[in-house]
Amino acid sequence: MEQGARASKPVRIVSVVSSDGLLVEAIQEAANAPTPLVVGHHEEIAIVPDWTDQGVRHVPVSAAHNLLKHRAVRLPGAPRDYENVEALFAEIEQYASRYLLLSPAFMKIAASYVLLSWVYDAFNELPYLRFRGDYGSGKTRALIVFGSIVYKGFFASGASTVSPIFHTLDSFKGTLVFDEADFRFTDEKAELVKILNNGNVKGFSVLRTQVTASKEFEPRAFSVYGPKIVGMRSSYEDRALESRFLTEEMSGRALPSAIPISLPETQEKEAHELRSKLLMYRLRERGNAKIKTEFVDAQLEPRMNQVLLPLLSIAPTAEAREAIRGDAARVQEGVISDRTASTEGQLLAVIAPALADEDRSALPLQEIVTLFVERFGSE
């Protein structure tokens, strides 16, 4: 009897992609409202209290869940129709422009990233989005505005401990929206960097040790793969990590009179309506989302192409793709500049011309030292 009861116990879910491509999503029309499930694919959609698959009954995450109750995670409402992808993209830009002052190019990048977040699980790699600036520059508002419309946006800040972030990303599998990502303490920063280093490629879990009910230590893998939008004041020392960010430098300029000083209550209502349309976008487009190799840029390094291709494949307009490529070129230029400025880069800058000029296959160490000192000794 006990085993039968255990077998029939329903499984709580937030979202599922079944083996035949069926999509299941928990929805919520308002704070503390019930959380039914949307089950569907393309235009065949049903809203149901539960869903059974292979004899297992699934029910939605409870509306009483702490993260939903405190609006730390935002779910969409019932799917709403939209004209076409280009019109939806324009609606995202218009919504963000009402509350933010961003460069036109980055507005298109951010709007493309919102679309990508709703189908991210169809891809194996992802870039990250970042708003960087000092306090008062508007980066936190940017996180709120875009974090409110991304797929299952999960809001956290530098005041959070890192452990619940691992758990939430693993269980909700949504978009991490992280403010003040410049951790002051080294151990916390190291933990966050683990999430960022492992979170843009599918299949790389983070291993952590947990204490079981029997007081034994047990390793557990946490999946941290997914879109991430970060707000911070500076940069990370790891250049490989830095190369994964598409960044807008927030200047803190005075807002035009058309942009409100404080976000109005209507902002959340607009965001909720957009999330509902974006859920319909996911139902229609998730099965069609794939890498479009024609967008490979020969001017970019292979790793940069790998990270950017999902975003380029989703961006619905040529202008958006051009903005993405422009930002990527600036990131790559910075990476190359840093390599050249490093001691290793300077050493290569000395050795390569000397070998070419003399047509030699080797140089004496003393000659290398002399050439290096002559060129870079003053530094």
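At what angle do the axes of helix H3 (residues 85-97) and helix H9 (residues 266-285) cross, and within what distance do they come?

**Figure 1. Crossing of helices H3 and H9 in the predicted model.** The axes of H3 and H9 cross at roughly 155 degrees and come within 11 Å. Because angles over 145 degrees count as roughly antiparallel, H3 is roughly antiparallel to H9. The crossing in which H3 passes H9 is left-handed.

**Figure 2. Residues in contact between H3 and H9.** H3 contributes Val85, Leu88, Glu91, Ile92 and Tyr95 to this contact. From H9, the residues that meet them are Gln267, Glu270, Ala271, Leu274, Lys277, Leu278, Tyr281 and Glu285. By class, the residues of the contact comprise eight nonpolar, one polar and four charged.

**Figure 3. The open sheet of four strands.** The strands follow the order S2-S3-S4-S5, and their pairing is antiparallel. Strand S2 (15-17) and strand S5 (44-48) stand at the edges; each has a single partner strand, so one side of each lacks a neighbour in the sheet. On average, neighbouring strands of this sheet are turned by 15 degrees against each other, direction ignored.

**Figure 4. Pairing of strands S2 and S3.** S2 pairs with strand S3 (residues 23-26) over three bridges, in the antiparallel sense. Opposite Val16 stands Val24 in S3.

**Figure 5. The open sheet of five strands.** Here the order is S9-S10-S13-S8-S14, with parallel pairing.

**Figure 6. Pairing of strands S8 and S13.** Strand S8 (residues 128-132) and strand S13 (residues 228-232) run parallel and are joined by four bridges. Arg130 has Val230 in S13 as its bridge partner. Strands of a sheet pair through backbone hydrogen bonds, either parallel or antiparallel.

**Figure 7. Residues 1-6 and the confidence of the prediction.** Where pLDDT is low, the predicted coordinates should not be read in detail. For the protein, pLDDT averages 86, and 88% of the residues score at least 70.

Technical notes:
Residues numbered from 1 in each chain as written. Predicted model: local features only at pLDDT ≥ 70, side-chain atom pairs only at ≥ 80, totals over all residues. Heavy atoms only, no water. Axes fitted to C-alpha atoms, helices over the stretch in contact; angles between N-to-C directions. Helix = DSSP H or I, 4+ residues; strand = E, 2+ residues; numbered from the N terminus. Parallel < 35°, antiparallel > 145°, perpendicular 65-115°, else oblique. Left-handed = near helix turned anticlockwise from the far one by under 90°. Contact = heavy atoms within 4.5 Å. Nonpolar A, V, L, I, M, F, W, Y, C, P; charged D, E, K, R; others polar. Pairing = 2+ DSSP bridges. pLDDT = per-residue confidence, 0-100.
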